[in-house]
Amino acid sequence: MTTADLPVIVIGAGPTGLAAAAHLVERGIEPLVVEAGPTAATAVRGWSHVRLFSTWSELTDPAAEKLLAAAGWAKPAADAYPTGGQWAERYLQPLADTLGDQVRYGATVTGVSRLGRDRIVDADRERQPFTVRLALADGTEERVLGRAVIDASGTWSTPSPIGADGLPALGEHAASARVSYRIPDLRDPAVRARYAGRRTAVIGSGASAFTALAGLAGLAKDEPGTHATWILRRGISGSTFGGGSADQLPARGALGLAAKAAVDDGYADAVTGFRTETLRPTADGRLILAGEDGRRLDPVDEVIVLTGLRPDLSFLSELRLALDERLQAPVELAPLIDPNQHSCGTVYPHGHRELSHPEPGVYLVGMKSYGRAPTFLALTGYEQVRSVAAALAGDTEAADRVELTLPETGVCGGAGLFDDPAAGQSGPDGCCAPAAPALVQIGTGISLPLAVAEDASSGGCCGS
Ligand SMILES: Cc1cc2nc3c(=O)[nH]c(=O)nc-3n(C[C@H](O)[C@H](O)[C@H](O)COP(=O)(O)OP(=O)(O)OC[C@H]3O[C@@H](n4cnc5c(N)ncnc54)[C@H](O)[C@@H]3O)c2cc1C
């Protein structure tokens, strides 16, 4: 057997990894998808209660649809918005099922390298197959070989901590029983009981934080005493609540408006410019958050941290990757998605060239390709893997072609997220017309300085 006869190893049976497998099959290349969880879409099932802001028409991949159609799959109504659970059950698991034993479950990738060549060895390196180390659900280990590796393992398992410095706040670990990094599923009686009638700090400024705030506001209508304290590292400006009605994905725009309503209606207070330094328990078991500026907030019962996700690069350490030092995204892709430069959350479609590394045959795709940048869309991942599969098949013309137009977020101050919006300068991306920043008045008795946007990692203008 030569290296060319080996399968392409795809890490992760999420939306992007499964789409990669479908494109490889379409190209006559054998995939082997290795998935840590017991089913397809393990990460998506982790937020099964969350309704997506994309419609079904924006959540399925064309090559995957062809495989599914051959198996008698009925496409859900194009304009309906599924939950994460429905995305998994009605599309992702059936897609994995059509791939049969080309998907292996309970197989966690713990290392990737070149066979017999660690990171420093040049000799004959590119002719060696990739070796992928698996930890299996039964406690054993295995090695599989591949001609290429597509890492679609997402970022779901590595949420960012509270600290604005990227480190856990002092006391964050010790308070873990009262700290969650997920959008609460308030349909679950146990989760509902955890937040009902309690005060909860929600930290973050992206779509996930909006969703959590809206959920807690809904709970407060039924359960008096339920209250949220919304903690933003930055101030509040016209872009804080996302693009609203200007968002080309209306349901995404509506999330920010729901968060604004939670504050307007008095179910949440907004604390702006607050960089949490410590989390300390009170004598009665509540938590006090103290900021770097010395401010101390009123005690809360629970803390929900939605400050973004970050990639787990640990199992790729024997590969020669070129990653941007800030975003931990492929260097060629990073300028397209860098929230320092892009205010709009609008990303130009891209493919194998932007996703390449010094180590040929390795691609980070999907949510993981964005590193710490926000606003990843499933459609972006589908276009990425279409291009990567074409490149692996040697079809450079198809690999270089762009077949996607992405919707804009409608969040456009004209300046990069880290710039001073008061300056109102046009951002380098030029993706939307510059607009003067607007001060958004929310709630009562809250001091709202004109924002200096500075917190892209916690969701940027509209990311999770
Ligand atoms: C709450 C939420 C709402 C979202 N809403 C939308 C939306 O409305 N529209 C939209 O376009 N996008 C949305 N996104 C963004 C994005 O489309 C999804 O996160 C999508 O699931 C990303 O797909 P992925 O395949 O790249 O990663 P994932 O879905 O995270 O899949 C990665 C898979 O890899 C597996 N894995 C991880 N590590 C390993 C390992 N070491 N070995 C083997 N397997 C591993 C995981 O178990 C998982 O199954 C949303 C994201 C979140 C979190």
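1. In which sense, parallel or antiparallel, do β1 and strand β2 pair, and over how many bridges? In this predicted model, β1 and β2 (residues 31-34) pair in the parallel sense, and four bridges connect them. Within this pairing, Ile11 stands opposite Val34 in β2.

2. Strand β1 is also joined to strand β7 (residues 148-151), with which it runs parallel, again through four bridges; here Val10 is the residue that stands opposite Ile150 in β7. The side chains of β1 (residues 8-11) are divided between two directions, Val8 and Val10 pointing one way and Ile9 and Ile11 the other, and all of these residues are buried.

3. Taken together with α1, the strands β1 and β2 make a β-α-β unit, and this unit is right-handed.

4. Turning to the ligand, 29 residues surround it, and the closest are Glu35, Phe53, Ser54, Met367 and Ala378. By residue type, this shell divides into 19 nonpolar, nine polar and one charged.

5. On the nitrogen side, a ligand nitrogen atom is 2.9 Å from a polar backbone atom of Val109.

6. The ligand taken alone exposes 980 Å², of which the protein buries 93%. The elements that contribute two or more residues to the shell around the ligand are α1 (15-26), α2 (42-45) and β4 (107-114).

Conventions: Residues are numbered from 1 along each chain as its sequence is written. This is a predicted model: local features need pLDDT of at least 70, side-chain atom pairs count only at pLDDT 80 or more; totals for chains, interfaces and linings use all residues. Side-chain values use heavy atoms; hydrogens and water are left out. A residue is near a molecule or strand if one of its heavy atoms lies within 4 Å of it. A polar contact is a pair of N or O atoms within 3.5 Å; within protein, one must be able to donate a hydrogen and the other to accept it, and residues adjacent in sequence count only if both atoms are side-chain atoms. Accessible areas come from the Shrake-Rupley method with a 1.4 Å probe; for residues, only the protein chains shown count as cover. Ala, Val, Leu, Ile, Met, Phe, Trp, Tyr, Cys and Pro count as nonpolar, Asp, Glu, Lys and Arg as charged, and the others, Gly among them, as polar. Buried means under 20% relative accessible area, exposed over 50%, partly exposed in between (1.4 Å probe, protein chains only). Two strands pair if DSSP finds at least two bridges between them. A crossover is right-handed if, with the strands pointing away from the viewer, the path from the first strand over the helix to the second runs clockwise.
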